[in-house]
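Please keep the sequence and the 3D view at hand while reading.

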2 protein chains.
Amino acid sequence: MASRCSPEAACPAAFRAWRTQPGYSFSAAAGPLPAAVAHEVAEACRPGPGSILSLPFTSSAYRDLQAETEACLRRLLAIPDAFAVLFLAGGASAQFAAVPMNLLVAEGHGAAGAGARRETGAEAPGTAVAAGAAEFASALYIDSGHWSRRAIAEARRFARVAVRELAGVSRAAGALDEDAAHPFAYVHLTPNETADGLQFAQLPPTRAPLVADLSSELLTRPLDWQRLSLAYAGTQKTIGTPGLSLVVIRRTLLGRVRADIPRLMDYGAQAEADSRLCTPPVLPVFVAHRMLHWIEAAGGVAAMAARLHGRHALIAAAMAEGEAAGLYRWMAPAGWRSRVNPCFRLPDEETTARFLDAAEAAGLRDLRGHPARGGVRLSLYNGLSDAAVEALADFLARFARGRVGSGIARCGRGT
Amino acid sequence: MASRCSPEAACPAAFRAWRTQPGYSFSAAAGPLPAAVAHEVAEACRPGPGSILSLPFTSSAYRDLQAETEACLRRLLAIPDAFAVLFLAGGASAQFAAVPMNLLVAEGHGAAGAGARRETGAEAPGTAVAAGAAEFASALYIDSGHWSRRAIAEARRFARVAVRELAGVSRAAGALDEDAAHPFAYVHLTPNETADGLQFAQLPPTRAPLVADLSSELLTRPLDWQRLSLAYAGTQKTIGTPGLSLVVIRRTLLGRVRADIPRLMDYGAQAEADSRLCTPPVLPVFVAHRMLHWIEAAGGVAAMAARLHGRHALIAAAMAEGEAAGLYRWMAPAGWRSRVNPCFRLPDEETTARFLDAAEAAGLRDLRGHPARGGVRLSLYNGLSDAAVEALADFLARFARGRVGSGIARCGRGT
């Protein structure tokens, strides 16, 4: 069988250069996979009637595969039975629309499930609405950076949205939403902002159900299901490969949706159909299956969290000298720095460009910050190897030492 | 590198039995891939920084991969420049909602693109609408079987839908929709009904833009872009693996959508963003890239059509004796039989079960008809091997000969 995976196999031109480049990628868009997981996926793709590439989703083998994947996710995150797990096609951005469409139905707007309950007393003060000028119950969105703003912009197509700036979050003494003029249907949070390098140290308490976009941090730390009512995440960063999103939702929130929701976006209908209302993304589910089991074998989420803590500390230590010299400047304030996606700036564009060029030459790729935010971004997703982290830490320290005293020193500033 | 794909790699329990079963699958849900394509995918998945599993969609390598895939699709189907090609996550069922949401905006319903043009004079007689009691422009759906009914049910969540039964289609002398009381925004057709084994020999002429669900037949025959305005297809049957849908849409239809459409479902926005409004399903795109180039190397769509014609004829010939004896009874009338998914019935449930058991024992799997329709279904998708078709034809002939004169003969009926 091994000969079937020969490197002589043809390869698309676009991919040829990519596949042969040495070093490590720190891309925020896609996490690397551990070699063992990639091995298994490659093996499962091998030709023949048993190739995962052709596994019918209608087969018991696929049903079992999805069930095993769900069971492993439940074990890893201690997901209570009161929550449903959904396997949905596509990226997490689809949930930016699905969340308000599922949770923000107004009276008279044609709720699908008459008997559905709300977890909170916050009943929607909805009225019959004209689409395009909708007056739904409202939701509170925490604006903590680029990706929460993307979620806000999409939610506004479907709902009235109140926005709390990060400064207001920091000042909140109790529940984030307790001083609101009226109760919210839910509170939306992006606990880890990949473009801004900002992360909530813990989930904040809320009165309304808390909804969190965990695309860049699911399985990097434990979750508090007492505080959380709906978690969603694309799988391409910490759980596998693009094409699949996981949604974990408190069952009491299911079954009350807009009448004109696309059926595939109806969480209740998907839960009833075991996420197979239509063909699911079989191969991305397989990759998630292997990645979840790899995490479990590596000690679970606690081990991932401890390793990430250590990696972040190693990076921070390697940056300390350059930080003191004013070369490296963290984007997020202390206490808010993302462990998963540390982001920092250099003194000017020219130095940033030199840093990125030197990193690239050292085989450290995809370190450029998000186009909307600039700077440098390191992504320490679950599948990253120790060797990659060590090479990056070494480079950060070396670049600072090489620069301090030369060109960089001229624009050095105290922190 | 070859050793990295060793068969010793661990494997999920659910998949272990599946992957080792001998023979051939004729599943309608997922098409097999040619061995050469599966080889290439397995090779591209191999561990390392260059694994396709971790290719960031933000990279130029991914952009080029998608562009090459689109270019190959355009060559194979002779898609004119006047059409946009979209790469969307998930199954084709998502388009059941997206089509009316994109094409059936009513006046006052908040069109996103004021300058958008309609290809047809059929302007929507829309009025300002209240969601939940919407009065949109209407569309005509051809009810030719199970999957068109699925499309109709979903469209009714968003639009007024007129339905034409197949008998009415057969009687239509000119354009399908020319005797309508008012012009339709579009006509929707499922040219190949996989559950019913029914296929339109050619696309019918229509006055309004023709929209076709080609999930089970894209790349099995040439397409007439004079007649067709929007084609969509999931890739898992004839183009690759699940998780990706292709949409080919006449550009004049873009840019006029409901204001409350999920942005990812807005064809115009996706076209502007080159289908990268959010993370695309990278690996399914890679599989499509390889499959499309494999088709091109094999002679293109004309070669696929000729091969399918030959395969269908081989199967029909192998069934002829059993058909004459009343054992095999085609589901669709002559002239309407699907080349891709021939469906037939046996005289009773017991004989059907015996047929399926005997086939399974002969290594011919997944021949059971769709649950809604019963009977036997053969799926002759592009990736199926000649050996599989020959084994199936042989079995069909042998089963008929073995049965005629025994138990089957007792319930034989003339056709």
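Which strands of chain B does helix H5 (residues 146-155) lie across? Helix H5 of chain B lies across E3, E4 and strand E5 (187-189) of chain B, and runs at about 160° to E3(B).

## Basis of the description

This is a predicted model, in which local features need pLDDT of at least 70 and side-chain atom pairs count only at pLDDT 80 or more, whereas totals for chains, interfaces and linings use all residues. Residues are numbered from 1 along each chain as its sequence is written, chains are lettered from A and ligands numbered from 1 in the order in which they are written, and side-chain values use heavy atoms, with hydrogens and water left out.

Helices (H or I, at least four residues) and strands (E, at least two) are DSSP runs, numbered from the N terminus. The angles run from 0 to 180 degrees between N-to-C directions, with axes being lines fitted to C-alpha atoms, for helices over the stretch in contact. Contact means heavy atoms within 4.5 Å.

## The seven-stranded sheet of chain B

In chain B, seven strands make up an open sheet with mixed pairing, in the order E2-E10-E9-E8-E5-E3-E4; two strands pair if DSSP finds at least two bridges between them. Strand E2 (83-89) and strand E4 (160-165) of chain B stand at the edges with a single partner strand each, so one side of each has no neighbour in the sheet. On average, and with direction ignored, neighbouring strands of this sheet are turned by 20° against each other.

At the E2 end, E2(B) pairs with strand E10 (residues 244-250) of chain B in the antiparallel sense over seven bridges, and B:Val85 has B:Val248 in E10(B) as its bridge partner. Helix H4 (residues 93-103) of chain B lies across E2, strand E3 (138-143), strand E8 (210-213), strand E9 (228-234) and E10 of chain B, and runs at about 155° to E9(B).

## B:Arg156, between helix and strand

B:Arg156 is placed in the loop between H5 and E4 of chain B. When residues up to four places away in sequence are not counted, B:Arg156 touches B:Val161 and B:Val163. B:Arg156 and B:Ala97 are 59 residues apart in sequence, while their C-alpha atoms are 9.0 Å apart in space.

## Two domains in chain A

Chain A is assigned domain 1 (22-35 + 300-405) and domain 2 (52-297), with bounds that come from an automatic or database domain assignment. Between them, 29 residues of domain 1 of chain A are in contact with 31 residues of domain 2 of chain A. The two domains of chain A bury about 2400 Å² between them, 61% of it given by carbon and sulfur atoms; buried area is the accessible area (1.4 Å probe) that two parts lose on being put together, summed over both. A:Val301, A:Trp336 and A:Asn382 supply 28% of the area that domain 1 of chain A buries against domain 2 of chain A, more than any other three residues.

The rule finds one salt bridge across this domain interface of chain A, a salt bridge being a side-chain nitrogen of Lys or Arg within 4 Å of a carboxyl oxygen of Asp or Glu. A:Arg373 forms a salt bridge with A:Asp196, with the closest N and O atoms 2.5 Å apart.

Chain A also has an open sheet of three strands in the order E11-E12-E14, with antiparallel pairing. Its edge strands are strand E11 (329-330) and strand E14 (376-377) of chain A, each of which pairs on one side only.

## How the two chains meet

Chain A can be laid on chain B by a turn of 180° and a shift of 0.0 Å along the axis, with an RMSD of 0.0 Å, where copies are superposed by least squares on the C-alpha atoms of residues with pLDDT of at least 70 in both. That is the relation of a two-fold axis. The same surface serves both copies, since 100% of the contact residues of chain A recur in chain B.

The contact takes 89 residues from each of chain A and chain B, and the area buried between the chains is about 7100 Å², with 65% given by carbon and sulfur atoms. The count between chain A and chain B is four salt bridges. In one of them the side chains of B:Glu43 and A:Arg19 meet at 3.1 Å, N to O; B:Glu43 lies in helix H2 (residues 35-45) of chain B and A:Arg19 in helix H1 (residues 13-20) of chain A, so the pair joins two chains.
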